[in-house]
Each structure stands twice: as C-alpha cells, then as structure tokens.
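This briefing covers aromatic ring pairs, helix packing and model confidence. The structure is shown first, and the notes follow by topic.

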Amino acid sequence: MSAVARPAEEQSFSWFVLGLMAGVTFIGILSELAPSGILPQMTEGLGVSESQVGFMIGVYALASAVAAIPLISATLAVNRKLLLMVLLIGFAVSNIVVGISSSYAVIIASRIVGGICAGVMWPMIAAYGTRLAPEHMHGKAITVIMSGNTLGISIGLPAMTTIGLTFGWRTVFVVMGLLAVVIAVLSYFYMPSVEGEKLSRSNSPLAVVKMPTILIVLLLTFLSVAAHYGIYTYITLLVEMIGFIGGIGMALLIFGIGSVISVVVSARYIDAYLRPLIVVSLAIGGLAMAMFLAFGGTAGTSHLAFFLWGLAFGPLVTMYQTAVSKQVEEAKDVATSVQSSVFNLSIMVATWVGGLLLVGFPGSAGVRAIVYMSLACFIMATIAAFLARQTLRSS
C-alpha cells in the first residue's frame with residue numbers, strides 16, 4: 001500500500017522520502033549532463049563534431065524550457081506520485097534508446113524526450129517536496145531534494161565518465177536508464193500520494209510572470225545559469241586548454257567536493273540567509289573564472305579554482321527555486337515551472353553561444369572566450385542579487 005501525504009502542518013521532516021526525491025533529481029541531472037564528461041568518446045563513436053555533442057545537452061535543455069510551463073499547467077491536477085512515475089519511465093526509455101542507437105537523429109529525438117520529462121520533473125519535484133514538509137523547513141526540503149543535482153555532478157558524473165572510458169560511452173546511458181527503473185520501483189512503494197491542484201487565473205503562468213519579484217528571480221536565474229553552464233558544457237575542453245594536472249577526472253572530483261560542501265552549508269542556512277548565500281555563491285563563481293583566466297593550469301591555483309567553482313555551483317538550483325517558492329502561496333509547481341523554463345533556456349543559450357565562440361575563435365581562444373562570458377555573467381548576477389534586498393528575503 002502506498003503512503004498518503006498528510007497536511008503540511010502535520011508533516012515531520014522525512015529524510016527517506018526526500019532522499020528518494022533526491023534520487024530523482026540525481027537521474028535528471030545525469031541524463032542532462034552525461035555527454036559533457038564523455039564528449040571526446042561520443043564525438044569519435046558517432047562521427048560527429050564536438051559542437052554536435054554539445055548540442056545534445058543544448059537540445060535537452062531547450063526541450064525542458066519549452067515543455068515546462070505548458071505541461072506543468074496541463075498536469076497540475078494530476079496526482080503527483082502518478083506523474084512522477086510517468087516521468088521516471090520517460091527518463092529510462094530516453095537513456096536506454098540513446099545507449100543502443102547508432103543514429104544521431106534518433107539520439108537527438110530521445111534527448112528531446114528526456115528533456116521534456118526533465119522540464120516537468122524539476123518544478124514538480126520541488127513543489128511536491130514542500131507539500132511534504134513543514135512551512136518553516138521548505139528551503140531545507142528543497143535543498144535535500146536538489147542535493148541529487150549536486151551529487152549527480154560531484155559523484156555521478158565522474159563515475160559515469162569513468163564507466164564511459166572503461167566500458168564505452170553507450171554503457172553510461174544504459175546504466176542511467178536502469179537506475180531510473182530502480183528509482184521508479186522504490187517510488188511506487190514508498191512515495192506518498194499527493195493530489196494535484198486546479199489551475200486558475202490567480203495561479204496561472206501569466207499571473208506569475210506579472211509579479212516584479214518573480215521577474216527579478218528569473219533574471220538572476222538566467223545570468224547565473226549562463227555563467228555556470230556556458231563553460232561547464234565544455235569542461236573537458238577547459239581542462240585541456242589550461243593543461244590541468246590530473247585531467248578531467250580530478251577536475252570533476254574537486255569540483256564535486258566543493259559542491260557537496262556548499263549543499264551541506266545551504267541546507268543549514270538557506271531559510272535564514274537566502275540573499276547572503278546567493279551573493280556569496282555568485283561572487284565565488286566569478287572569482288573561480290578569474291583564476292582560470294589569470295593563472296591557467298598552475299598547480300594548486302587551478303585546483304583551488306575548480307573547488308571554488310564547485311562551491312558556487314552546489315546550491316544553484318536550490319537558491320532560486322527557494323526564492324520563487326517564497327513569492328507564492330499556491331500552485332508552486334506553476335511558479336517553479338516558469339523559473340525552470342528560464343533555467344533551461346539559459347542552458348540552451350549558453351551552450352549555443354559557447355559553440356559559436358568555439359567556431360569563431362579556433363583552439364584555446366574559443367574556450368577562453370567562453371570563460372570570459374561566464375565571468376561577465378557572474379559579475380552582473382552578483383550585482384543584481386546584492387541589490388535585490390526585498391525579493392531575496394529570508395524566512
């Protein structure tokens with residue numbers, strides 16, 4: 001028999017259930033970013049260019065951005081557990097098809113399916129989780145759920161990269177598909193059942209985007225995501241450009257350690273110190289980019305830069321979904337779907353611009369240009385967050 005959720009005010013903080021939700025976001029982020037860790041292997045195996053493999057991430061993000069608002073609105077009344085099961089099946093099918101197909105067109109189509117599932121999953125899972133936790137712990141609940149995002153990058157992506165280097169890139173996608181199946185089975189037995197909500201004029205996407213405070217969060221989301229993902233998509237090329245000691249595996253490990261530390265800190269302080277957390281994270285990210293540009297692959301310095309970048313990246317998703325959640329009282333799924341669309345649109349734009357820079361500036365010059373772009377976005381976002389005192393209010 002599946003569990004049934006109680007009213008939020010009667011909820012205790014269930015680490016197991018929220019941890020299971022973290023498993024969902026773990027699969028979501030791995031499905032999106034896996035090509036970045038095995039870019040050379042996919043390029044060689046499929047006989048396509050680096051920018052075409054980068055497009056696999058971009059098209060996934062674009063599908064997420066396009067699908068989020070209309071599909072979240074269309075499925076708002078659907079039971080949250082049932083919807084989650086459908087999305088997990090979609091992730092499983094999408095990844096397994098990519099793992100067994102030799103057609104670039106079929107792979108792109110499968111990536112689009114995965115992106116659509118992610119577009120619905122990211123905003124839905126956060127709102128689902130907040131309905132299972134007391135109101136004063138919503139930020140903590142979102143942090144735990146989105147820790148799957150950080151663990152996916154810090155542990156999952158290096159592990160998948162190692163699997164790809166050892167057993168071939170196709171194995172990576174098959175393994176991710178099977179993991180999605182396991183999480184779906186666990187979710188069926190242990191995830192609480194929560195009924196959906198009715199869509200109305202007051203909680204529609206149009207009503208949400210008319211709120212000035214939401215628009216500020218959307219601006220911060222766009223700049224911050226572009227700053228991180230513009231260069232993260234091509235992280236293997238960054239490692240090669242600076243001649244990083246330890247290679248991509250070491251870079252991802254150090255980045256991941258920083259991410260995990262920042263998520264732990266975020267879980268403790270996000271509800272009370274949201275704005276300081278955002279400002280400091282953005283400033284640290286900008287510092288990391290500046291260090292890459294100034295010191296390149298200098299031993300110690302470049303390792304510290306990857307660690308600082310990881311610190312800045314860890315709470316990225318959590319910060320802005322928490323900020324959005326604080327602006328609305330009902331239909332948080334819809335509000336976070338708007339934020340999620342901007343999040344994924346920013347990934348698409350940053351990936352596309354990064355590809356143009358690689359084509360326009362041959363060799364390492366293109367990678368440096370992407371780092372400069374990320375630095376500029378970090379600076380603008382830091383200034384905007386510092387000035388947004390009322391919007392980024394704490395509990």
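The count of aromatic pairs in this structure comes to 16. One of them joins Tyr232 and Phe313, whose ring centres lie 5.8 Å apart with the planes at 20°; this angle is under 30 degrees, so the pair is stacked. The model is a predicted one, and the chain has an average pLDDT of 87.

**The Tyr232–Phe313 pair**

- Tyr232 belongs to helix 9 (residues 212–232) and Phe313 to helix 13.
- The two residues are 81 positions apart, and their pair links distant parts of the chain.

**Helix 13 with helix 10**

- Helix 10 (residues 235–242) and helix 13 (residues 301–313) have axes that come within 12 Å and cross at roughly 160°.
- That angle is over 145 degrees, which means that helix 10 is roughly antiparallel to helix 13.
- The crossing of helix 10 with helix 13 is right-handed.
- On the helix 10 side the contact involves Ile235, Leu238, Val239 and Ile242, which meet Ser302, Phe306 and Trp309 of helix 13.
- This contact of helix 10 with helix 13 comprises 6 nonpolar residues, 1 polar residue and no charged residues.

**Helix 13 with helix 12**

- The axes of helix 12 (residues 274–295) and helix 13 come within 8 Å, crossing at roughly 155°.
- Helix 12 and helix 13 are therefore roughly antiparallel.
- Helix 12 passes helix 13 in a left-handed crossing.
- Helix 12 contributes Ser281, Ile284, Gly285, Leu287, Ala288, Met289, Met291, Phe292 and Phe295 to the contact, while residues from helix 13 include Thr301, Leu304, Ala305, Leu308, Leu311 and Ala312.
- Ser302, Phe306 and Trp309 of helix 13 also take part in the contact with helix 12, and these residues are met by helix 10 as well.
- By class, the contact of helix 12 with helix 13 has 14 nonpolar, 4 polar and no charged residues.

**Helix 9 with helix 15**

- Helix 9 packs with helix 15 (residues 332–360) at an angle of about 35°, and their axes are 8 Å apart.
- Their crossing is right-handed.
- Residues of helix 9 in the contact include Leu218, Phe222, Val225 and Tyr229, and those of helix 15 include Val338, Val342, Phe343, Ile347 and Ala350.
- The contact of helix 9 with helix 15 holds 11 nonpolar, 4 polar and no charged residues.

**Confidence**

- In the chain, 94% of the residues score a pLDDT of at least 70.
- Confidence is highest in helix 4 (residues 80–100), with a mean of 96, and lowest in helix 8 (residues 205–209), with a mean of 76.

Notes. Residues are numbered from 1 along each chain as its sequence is written. This is a predicted model: local features need pLDDT of at least 70, side-chain atom pairs count only at pLDDT 80 or more; totals for chains, interfaces and linings use all residues. Side-chain values use heavy atoms; hydrogens and water are left out. pLDDT is the predictor's confidence in each residue, from 0 to 100. Helices (H or I, at least four residues) and strands (E, at least two) are DSSP runs, numbered from the N terminus. Axes are lines fitted to C-alpha atoms, for helices over the stretch in contact, and angles run from 0 to 180 degrees between N-to-C directions. Angles under 35 degrees count as roughly parallel, over 145 as roughly antiparallel, 65 to 115 as roughly perpendicular and the rest as oblique. A crossing is left-handed if the near helix is turned anticlockwise from the far one by less than a right angle, and right-handed if clockwise. Contact means heavy atoms within 4.5 Å. Ala, Val, Leu, Ile, Met, Phe, Trp, Tyr, Cys and Pro count as nonpolar, Asp, Glu, Lys and Arg as charged, and the others, Gly among them, as polar. Rings of Phe, Tyr and Trp (its six-membered ring) pair if their centres lie within 6.5 Å; planes under 30 degrees apart count as stacked, over 60 as edge-to-face and the rest as tilted.
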